[in-house]
Amino acid sequence: MSEPGELQKDMFSTMPLAPGGVYSVAWEQRMKWTDMIEVEPVDYTPPFPVNPSNPRCYLDIKSGGYYLGRVVLELKADICPITSDNFRQLCEFKCYTGSMLKVWPALAIQSGDFSLRDPLVWNPEDPECFDFDKLLPDVPPGGQSIFGAPFDDENFKLKHTGAGVLTMSNNGPNTNGSQFIITMTDHKKLDFKNVAFGQVVEGYEIINALTKVGKPHQDGEAYQRISFEGCGVLPSISNDSATSASMACSTSHVSMHGSHRGPQATAHRSLQRLASLMRVSPLQLTAKSRLTATCQKRTVPPQHRRIQQRLVSATKPALAPAAALNVHSFVGV
(Lines give C-alpha, C1' and ligand atoms only; values in the text may rest on other atoms or scores of the structure.)
Protein backbone atom coordinates (compact mmCIF):
# COMPACT_ATOMS: atom_id res chain seq x y z
CA MET A 1 0.00 0.00 0.00
CA SER A 2 1.36 3.40 -0.98
CA GLU A 3 1.91 6.14 1.51
CA PRO A 4 -0.24 9.29 1.16
CA GLY A 5 2.79 11.29 0.11
CA GLU A 6 3.65 8.85 -2.63
CA LEU A 7 0.06 8.79 -3.84
CA GLN A 8 0.00 12.57 -3.92
CA LYS A 9 3.23 12.59 -5.86
CA ASP A 10 1.79 10.19 -8.44
CA MET A 11 -1.27 12.38 -8.81
CA PHE A 12 0.85 15.44 -9.51
CA SER A 13 2.91 13.49 -12.04
CA THR A 14 -0.19 13.13 -14.20
CA MET A 15 -0.59 16.90 -14.52
CA PRO A 16 -0.11 18.38 -18.01
CA LEU A 17 2.89 20.41 -18.99
CA ALA A 18 2.22 23.43 -16.79
CA PRO A 19 4.43 25.78 -14.76
CA GLY A 20 5.19 24.34 -11.34
CA GLY A 21 4.49 20.75 -12.35
CA VAL A 22 6.97 17.95 -12.67
CA TYR A 23 7.36 18.81 -16.36
CA SER A 24 7.92 22.51 -15.75
CA VAL A 25 11.35 22.30 -17.39
CA ALA A 26 9.75 21.05 -20.58
CA TRP A 27 7.17 23.81 -20.33
CA GLU A 28 9.87 26.46 -19.94
CA GLN A 29 11.68 25.03 -22.92
CA ARG A 30 8.50 25.30 -24.97
CA MET A 31 8.18 28.93 -23.96
CA LYS A 32 11.76 29.55 -25.08
CA TRP A 33 10.90 28.24 -28.52
CA THR A 34 8.49 31.14 -28.93
CA ASP A 35 11.30 33.64 -28.35
CA MET A 36 13.57 35.08 -30.99
CA ILE A 37 16.63 32.97 -31.72
CA GLU A 38 19.81 34.52 -30.40
CA VAL A 39 22.30 34.86 -33.25
CA GLU A 40 25.79 34.52 -31.83
CA PRO A 41 29.10 35.18 -33.63
CA VAL A 42 30.84 32.07 -34.95
CA ASP A 43 34.33 31.43 -36.25
CA TYR A 44 33.65 30.91 -39.95
CA THR A 45 35.78 31.01 -43.09
CA PRO A 46 34.31 30.39 -46.56
CA PRO A 47 35.33 26.93 -47.77
CA PHE A 48 36.47 28.17 -51.21
CA PRO A 49 38.53 31.18 -52.34
CA VAL A 50 36.26 34.17 -53.00
CA ASN A 51 36.14 35.41 -56.59
CA PRO A 52 35.16 39.13 -56.62
CA SER A 53 33.75 38.89 -60.15
CA ASN A 54 31.25 36.14 -59.32
CA PRO A 55 27.56 37.06 -58.79
CA ARG A 56 26.19 37.32 -55.27
CA CYS A 57 22.68 36.66 -54.01
CA TYR A 58 21.02 37.22 -50.65
CA LEU A 59 18.41 35.39 -48.59
CA ASP A 60 16.58 37.14 -45.74
CA ILE A 61 15.67 34.59 -43.07
CA LYS A 62 12.71 34.76 -40.71
CA SER A 63 12.11 32.32 -37.85
CA GLY A 64 9.19 32.20 -35.45
CA GLY A 65 7.93 35.52 -36.79
CA TYR A 66 11.25 37.27 -36.09
CA TYR A 67 13.63 38.58 -38.73
CA LEU A 68 17.06 37.06 -38.09
CA GLY A 69 19.12 38.72 -40.80
CA ARG A 70 20.59 38.36 -44.27
CA VAL A 71 22.73 35.59 -45.68
CA VAL A 72 24.91 36.51 -48.67
CA LEU A 73 25.96 33.78 -51.10
CA GLU A 74 28.66 33.77 -53.73
CA LEU A 75 27.69 31.79 -56.82
CA LYS A 76 30.63 30.06 -58.48
CA ALA A 77 29.68 31.07 -62.01
CA ASP A 78 33.30 30.62 -63.05
CA ILE A 79 33.00 26.89 -62.29
CA CYS A 80 29.27 26.08 -62.56
CA PRO A 81 27.75 28.77 -64.82
CA ILE A 82 24.50 26.94 -65.65
CA THR A 83 23.67 25.95 -62.08
CA SER A 84 24.65 29.39 -60.79
CA ASP A 85 22.48 31.15 -63.37
CA ASN A 86 19.50 29.00 -62.40
CA PHE A 87 19.83 30.01 -58.75
CA ARG A 88 20.59 33.65 -59.57
CA GLN A 89 17.48 34.10 -61.69
CA LEU A 90 15.24 32.38 -59.16
CA CYS A 91 16.54 34.90 -56.60
CA GLU A 92 16.23 37.81 -59.02
CA PHE A 93 12.58 37.05 -59.76
CA LYS A 94 11.83 36.57 -56.01
CA CYS A 95 10.78 32.94 -56.42
CA TYR A 96 12.34 31.92 -53.11
CA THR A 97 10.47 34.52 -51.05
CA GLY A 98 8.14 32.62 -48.73
CA SER A 99 9.84 29.26 -49.21
CA MET A 100 10.06 27.15 -46.05
CA LEU A 101 13.29 25.80 -44.59
CA LYS A 102 14.13 22.38 -43.20
CA VAL A 103 16.83 22.10 -40.53
CA TRP A 104 19.11 19.21 -39.62
CA PRO A 105 20.88 20.53 -36.50
CA ALA A 106 24.65 20.90 -36.97
CA LEU A 107 24.38 19.20 -40.37
CA ALA A 108 22.56 21.22 -43.03
CA ILE A 109 19.52 23.25 -44.02
CA GLN A 110 17.40 22.66 -47.10
CA SER A 111 14.97 24.89 -48.99
CA GLY A 112 13.87 25.91 -52.47
CA ASP A 113 10.52 24.12 -52.75
CA PHE A 114 8.44 27.17 -53.63
CA SER A 115 5.36 25.03 -54.16
CA LEU A 116 5.10 25.02 -50.34
CA ARG A 117 5.12 28.66 -49.26
CA ASP A 118 4.75 30.36 -45.90
CA PRO A 119 1.35 32.11 -46.02
CA LEU A 120 2.53 34.56 -43.38
CA VAL A 121 5.31 35.79 -45.68
CA TRP A 122 4.24 35.20 -49.26
CA ASN A 123 1.82 37.78 -50.59
CA PRO A 124 0.98 37.87 -54.33
CA GLU A 125 0.25 41.59 -54.08
CA ASP A 126 3.75 42.30 -52.78
CA PRO A 127 6.23 43.19 -55.58
CA GLU A 128 8.91 41.44 -53.52
CA CYS A 129 7.08 38.12 -54.07
CA PHE A 130 6.77 36.17 -57.31
CA ASP A 131 3.08 36.04 -58.22
CA PHE A 132 2.68 32.29 -58.66
CA ASP A 133 -1.11 32.58 -58.82
CA LYS A 134 -0.93 34.63 -62.02
CA LEU A 135 2.34 33.56 -63.58
CA LEU A 136 2.70 29.93 -62.57
CA PRO A 137 -0.57 28.60 -61.10
CA ASP A 138 0.39 24.98 -61.79
CA VAL A 139 3.81 25.00 -60.17
CA PRO A 140 4.75 21.33 -59.67
CA PRO A 141 5.43 19.90 -56.20
CA GLY A 142 9.06 20.34 -55.29
CA GLY A 143 9.55 23.48 -57.37
CA GLN A 144 11.34 23.66 -60.70
CA SER A 145 14.25 25.26 -62.50
CA ILE A 146 14.22 28.32 -64.73
CA PHE A 147 14.33 25.91 -67.66
CA GLY A 148 11.01 24.39 -66.64
CA ALA A 149 12.34 20.85 -66.48
CA PRO A 150 15.00 19.31 -64.24
CA PHE A 151 18.45 19.84 -65.70
CA ASP A 152 21.54 17.63 -65.70
CA ASP A 153 24.37 17.65 -63.21
CA GLU A 154 26.83 20.24 -64.53
CA ASN A 155 30.02 19.01 -62.86
CA PHE A 156 31.38 17.90 -59.49
CA LYS A 157 34.49 20.06 -59.36
CA LEU A 158 33.64 21.67 -56.00
CA LYS A 159 33.63 19.34 -53.03
CA HIS A 160 31.63 19.51 -49.79
CA THR A 161 34.67 20.17 -47.63
CA GLY A 162 33.07 22.11 -44.76
CA ALA A 163 30.38 24.45 -43.53
CA GLY A 164 28.81 27.03 -45.80
CA VAL A 165 28.80 25.08 -49.07
CA LEU A 166 25.83 25.86 -51.32
CA THR A 167 24.84 22.72 -53.22
CA MET A 168 21.88 21.44 -55.18
CA SER A 169 19.34 19.10 -53.62
CA ASN A 170 18.19 16.38 -55.99
CA ASN A 171 16.24 13.17 -56.19
CA GLY A 172 18.88 11.26 -58.10
CA PRO A 173 21.24 11.93 -61.00
CA ASN A 174 20.34 14.80 -63.34
CA THR A 175 17.26 15.96 -61.40
CA ASN A 176 18.30 19.50 -60.47
CA GLY A 177 15.54 22.05 -60.01
CA SER A 178 15.13 24.80 -57.45
CA GLN A 179 15.88 23.02 -54.17
CA PHE A 180 19.25 23.56 -52.53
CA ILE A 181 21.25 22.74 -49.40
CA ILE A 182 23.62 24.78 -47.26
CA THR A 183 25.95 22.62 -45.22
CA MET A 184 26.97 23.14 -41.60
CA THR A 185 29.83 20.64 -41.71
CA ASP A 186 31.74 18.60 -44.28
CA HIS A 187 29.63 16.12 -46.25
CA LYS A 188 31.83 13.84 -48.31
CA LYS A 189 28.81 11.66 -49.11
CA LEU A 190 27.51 14.46 -51.31
CA ASP A 191 30.62 14.53 -53.49
CA PHE A 192 29.92 13.30 -57.05
CA LYS A 193 26.19 13.16 -56.20
CA ASN A 194 25.18 16.80 -55.61
CA VAL A 195 26.46 19.77 -57.58
CA ALA A 196 28.15 22.31 -55.29
CA PHE A 197 27.99 25.73 -56.93
CA GLY A 198 28.50 28.39 -54.25
CA GLN A 199 29.23 29.31 -50.67
CA VAL A 200 28.13 31.56 -47.82
CA VAL A 201 30.29 34.68 -47.62
CA GLU A 202 28.26 36.70 -45.10
CA GLY A 203 25.75 35.80 -42.40
CA TYR A 204 26.78 32.22 -41.69
CA GLU A 205 26.07 32.85 -38.01
CA ILE A 206 22.37 33.01 -38.96
CA ILE A 207 22.54 29.57 -40.57
CA ASN A 208 24.32 28.24 -37.49
CA ALA A 209 21.68 29.75 -35.17
CA LEU A 210 18.93 27.68 -36.82
CA THR A 211 20.42 24.63 -35.12
CA LYS A 212 18.76 25.81 -31.90
CA VAL A 213 15.26 25.21 -33.27
CA GLY A 214 15.90 22.08 -35.30
CA LYS A 215 14.36 18.96 -33.81
CA PRO A 216 16.87 16.38 -32.55
CA HIS A 217 15.18 13.57 -34.52
CA GLN A 218 17.07 14.83 -37.61
CA ASP A 219 13.94 14.73 -39.76
CA GLY A 220 14.22 18.30 -41.00
CA GLU A 221 11.40 19.60 -38.81
CA ALA A 222 11.86 22.63 -36.56
CA TYR A 223 10.14 24.04 -33.48
CA GLN A 224 9.59 27.35 -35.29
CA ARG A 225 8.29 28.26 -38.72
CA ILE A 226 11.37 29.21 -40.77
CA SER A 227 11.10 30.85 -44.18
CA PHE A 228 12.72 33.36 -46.51
CA GLU A 229 11.32 36.84 -46.06
CA GLY A 230 13.09 38.04 -49.17
CA CYS A 231 15.70 37.22 -51.77
CA GLY A 232 17.52 38.97 -54.56
CA VAL A 233 20.76 39.65 -56.40
CA LEU A 234 23.59 41.88 -55.19
CA PRO A 235 26.28 43.46 -57.35
CA SER A 236 29.51 41.53 -57.50
CA ILE A 237 32.33 42.74 -55.28
CA SER A 238 34.29 44.09 -58.24
CA ASN A 239 31.29 46.05 -59.56
CA ASP A 240 30.47 47.25 -56.06
CA SER A 241 34.00 48.59 -55.65
CA ALA A 242 33.81 50.39 -58.97
CA THR A 243 30.48 51.96 -58.00
CA SER A 244 31.87 53.09 -54.64
CA ALA A 245 34.85 54.68 -56.37
CA SER A 246 32.54 56.46 -58.80
CA MET A 247 30.38 57.77 -55.94
CA ALA A 248 33.48 58.96 -54.11
CA CYS A 249 34.58 60.91 -57.19
CA SER A 250 31.11 62.47 -57.52
CA THR A 251 31.12 63.49 -53.85
CA SER A 252 34.54 65.06 -54.11
CA HIS A 253 33.47 66.93 -57.25
CA VAL A 254 30.43 68.36 -55.45
CA SER A 255 32.46 69.40 -52.41
CA MET A 256 35.08 71.12 -54.59
CA HIS A 257 32.50 73.18 -56.44
CA GLY A 258 30.35 73.87 -53.39
CA SER A 259 27.16 72.70 -55.07
CA HIS A 260 24.56 70.11 -54.02
CA ARG A 261 22.94 69.98 -57.40
CA GLY A 262 24.55 66.64 -58.24
CA PRO A 263 23.15 64.67 -55.29
CA GLN A 264 19.73 66.27 -55.74
CA ALA A 265 19.69 65.25 -59.38
CA THR A 266 20.71 61.73 -58.39
CA ALA A 267 17.92 61.56 -55.83
CA HIS A 268 15.44 62.82 -58.41
CA ARG A 269 16.55 60.19 -60.91
CA SER A 270 16.23 57.52 -58.22
CA LEU A 271 12.70 58.70 -57.46
CA GLN A 272 11.80 58.58 -61.15
CA ARG A 273 13.33 55.11 -61.47
CA LEU A 274 11.41 53.83 -58.45
CA ALA A 275 8.18 55.36 -59.75
CA SER A 276 8.78 53.79 -63.15
CA LEU A 277 9.31 50.34 -61.62
CA MET A 278 6.12 50.69 -59.58
CA ARG A 279 4.24 52.09 -62.58
CA VAL A 280 3.20 55.29 -60.87
CA SER A 281 4.13 58.93 -61.28
CA PRO A 282 6.74 60.44 -58.92
CA LEU A 283 4.06 62.57 -57.27
CA GLN A 284 2.07 59.47 -56.36
CA LEU A 285 4.94 58.22 -54.22
CA THR A 286 4.05 60.91 -51.69
CA ALA A 287 0.37 59.97 -51.63
CA LYS A 288 0.03 56.72 -49.74
CA SER A 289 -3.60 56.05 -50.54
CA ARG A 290 -3.18 56.64 -54.27
CA LEU A 291 -0.01 54.58 -54.32
CA THR A 292 -1.77 51.65 -52.65
CA ALA A 293 -4.60 51.81 -55.18
CA THR A 294 -2.13 51.94 -58.04
CA CYS A 295 -0.13 48.98 -56.74
CA GLN A 296 -3.30 46.93 -56.51
CA LYS A 297 -3.94 47.59 -60.21
CA ARG A 298 -0.36 47.21 -61.36
CA THR A 299 0.42 45.09 -64.40
CA VAL A 300 2.73 42.11 -64.48
CA PRO A 301 6.34 43.35 -64.47
CA PRO A 302 8.22 42.48 -67.67
CA GLN A 303 10.91 40.53 -65.83
CA HIS A 304 8.20 38.29 -64.36
CA ARG A 305 6.77 37.74 -67.81
CA ARG A 306 10.19 36.63 -69.02
CA ILE A 307 10.58 34.04 -66.30
CA GLN A 308 7.01 32.92 -66.84
CA GLN A 309 7.91 31.93 -70.39
CA ARG A 310 10.79 29.86 -69.06
CA LEU A 311 8.98 28.29 -66.11
CA VAL A 312 5.82 27.31 -67.94
CA SER A 313 7.69 25.54 -70.75
CA ALA A 314 8.14 22.33 -68.72
CA THR A 315 8.65 19.24 -70.82
CA LYS A 316 9.96 16.69 -68.29
CA PRO A 317 8.49 15.26 -65.08
CA ALA A 318 8.68 17.60 -62.10
CA LEU A 319 10.87 17.10 -59.07
CA ALA A 320 9.57 15.05 -56.18
CA PRO A 321 8.18 16.98 -53.21
CA ALA A 322 10.67 17.96 -50.56
CA ALA A 323 9.07 15.59 -48.08
CA ALA A 324 9.65 12.66 -50.43
CA LEU A 325 13.38 13.28 -50.87
CA ASN A 326 15.76 10.84 -49.26
CA VAL A 327 17.25 13.52 -47.04
CA HIS A 328 18.88 11.04 -44.68
CA SER A 329 21.30 10.07 -47.42
CA PHE A 330 22.85 13.52 -47.66
CA VAL A 331 22.95 14.42 -43.99
CA GLY A 332 24.58 11.14 -43.09
CA VAL A 333 22.16 10.07 -40.37
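Me: A charge sits over a ring if NZ of Lys or CZ of Arg is within 6 Å of the ring centre and within 35 degrees of the ring normal. Where does Arg70 lie, then?

Reply: Over the face of Tyr58, at 3.7 Å from the ring centre. Arg117 lies over the face of Trp122, at 4.2 Å from the ring centre. This is a predicted model: local features need pLDDT of at least 70, side-chain atom pairs count only at pLDDT 80 or more, and totals for chains, interfaces and linings use all residues. Residues are numbered from 1 along each chain as its sequence is written, and side-chain values use heavy atoms, without hydrogens or water.

Me: How many aromatic pairs does a search of the whole structure find?

Reply: 12. Rings of Phe, Tyr and Trp (its six-membered ring) pair if their centres lie within 6.5 Å; planes under 30 degrees apart are stacked, over 60 edge-to-face, the rest tilted. Phe147 and Phe151 are edge-to-face, 5.4 Å centre to centre with 75° between the planes.

Me: Is Phe151 buried or exposed?

Reply: Phe151 is buried, because its relative accessible area is 9%. The cut-offs are under 20% for buried, over 50% for exposed, and partly exposed in between (1.4 Å probe, protein chains only). Phe147, at 37%, is partly exposed.

Me: Switching to α3. What are its buried residues?

Reply: Thr83, Ser84, Asn86, Phe87, Gln89, Leu90 and Cys91. Helices are DSSP runs of H or I with at least four residues, numbered from the N terminus.

Me: And what follows α3?

Reply: Lys94, whose phi is positive, near 65°.

How values were computed. Helix = DSSP H or I, 4+ residues; strand = E, 2+ residues; numbered from the N terminus.
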